[in-house]
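The sequence and structure come first.

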Amino acid sequence: NELRIFCPATIANISCGFDVLGVALDSVGDEMVIRKVSKKGIHIIKLEGQDLPMETHKNVAGVAGMAFLGESDYGGGFEIEIYKKIKAGSGIGSSAASSTGAVWGMNQLLGRPFTTLKLVEFAMEGEKLASGVAHADNVAPALFGGFTLVRSYEPLDIIPIHNPKELFATVIHPQIEIKTSDSRKILKTNITLKEGIKQWGNVGGLVAGLFTEDYDLIGRSLVDHIVEPIRSILIPGFNEVKASAIASGALGCGISGSGPSIFAFSKGEDTAEKVAQSMKNVYKKIGIDHDIHISKIN
Ligand code: HSE
């Protein structure tokens, strides 16, 4: 009647795929305990590690859980304990970890009445609360694992993508907070056909590169002509960090989700470590507090 689960952090967008591409990280994430109780509804009884609201309708796990209960014939409720390790506003899917953890755990405890796709839909309600937009590019990889593509939102169509065996992600988090809702407001709402052509060429290239484990193609495709030029202005030392990651052998480097975290992909763990060192050095030199993680993509 009780489960303790790991809820992975995620990198959304992956440079070219704004709101459609994402990947789960297996070495960074929260923990949650989900417990079946007779009292109806979702009850967040513990929340450690971050200062976030515990009222059901203000908490992303609560809102996602209520969406689940709304379509379930289960007559009882759930208690939830959340142990946050992912910082809110860090750009690695903090809200998605909590909302997906809740619905995944609840589904397990009830004998899996819902498909993973349906769980994505419930978890998107949590994203809507957190950012104002029900984007699925963090919750889909958190639930499916590895890389995912949101091929379509209406109807929701999620495509799990192959994970190349030697791919590692380095993620550095400068210690500032950027709210996704704020970093969405500064984006342009129109793009030119010319920009579109470049962008969807790279999305196709990245997906093909991941499926065929073509690391050079992955690297060539990690380019963002639309969002990165605008959002990178909010991230201290972004251009220097990116240049140093590439110079140290990274396949590519960009903003993780809505930032401020910056991710780099590398082939092999040794390169990922060199890349981590060089990214850290940039922040040490300009005096920016940060933390950094390396994850294998599984
Ligand atoms: N696709 C979303 C955005 C991800 O970039 O706003 C937020 O984590």
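**Loop residues and ligand shell**

Asn13 lies in the loop between strand 1 (2–12) and strand 2 (21–37); helices (H or I, at least four residues) and strands (E, at least two) are DSSP runs, numbered from the N terminus. This is a predicted model: local features need pLDDT of at least 70, side-chain atom pairs count only at pLDDT 80 or more, and totals for chains, interfaces and linings use all residues. Residues are numbered from 1 along each chain as its sequence is written.

Backbone and burial
- The phi of Asn13 is near 80°, a positive value in a residue other than glycine.
- Asn13 is buried, with 26 other C-beta atoms within 10 Å; buried takes 20 or more such atoms, exposed 12 or fewer, and partly exposed falls in between, with C-beta atoms placed from the backbone.
- Asp19 is found in the loop between strand 1 and strand 2, and its phi is positive, about 65°, although it is not a glycine.
- Asp19 is partly exposed, with 16 other C-beta atoms within 10 Å.

Ligand
- Residues surrounding the ligand include Asn13, Asp19, His135 and Arg184; a residue is near a molecule if its C-beta atom, placed from the backbone, lies within 6 Å of it.

Helix 3
- Helix 3 (residues 116–131) has 16 residues.
- Its buried residues include Leu119, Phe122 and Met124.
- Just after helix 3, Gly132 takes a positive phi of about 90°.

Cis peptide bonds
- A cis peptide bond joins Glu154 and Pro155, with omega about 0°.
- The bond from Gly259 to Pro260 is cis, with omega near 5°.

Conventions. The expected span of a helix is 1.5 Å times one less than its number of residues.
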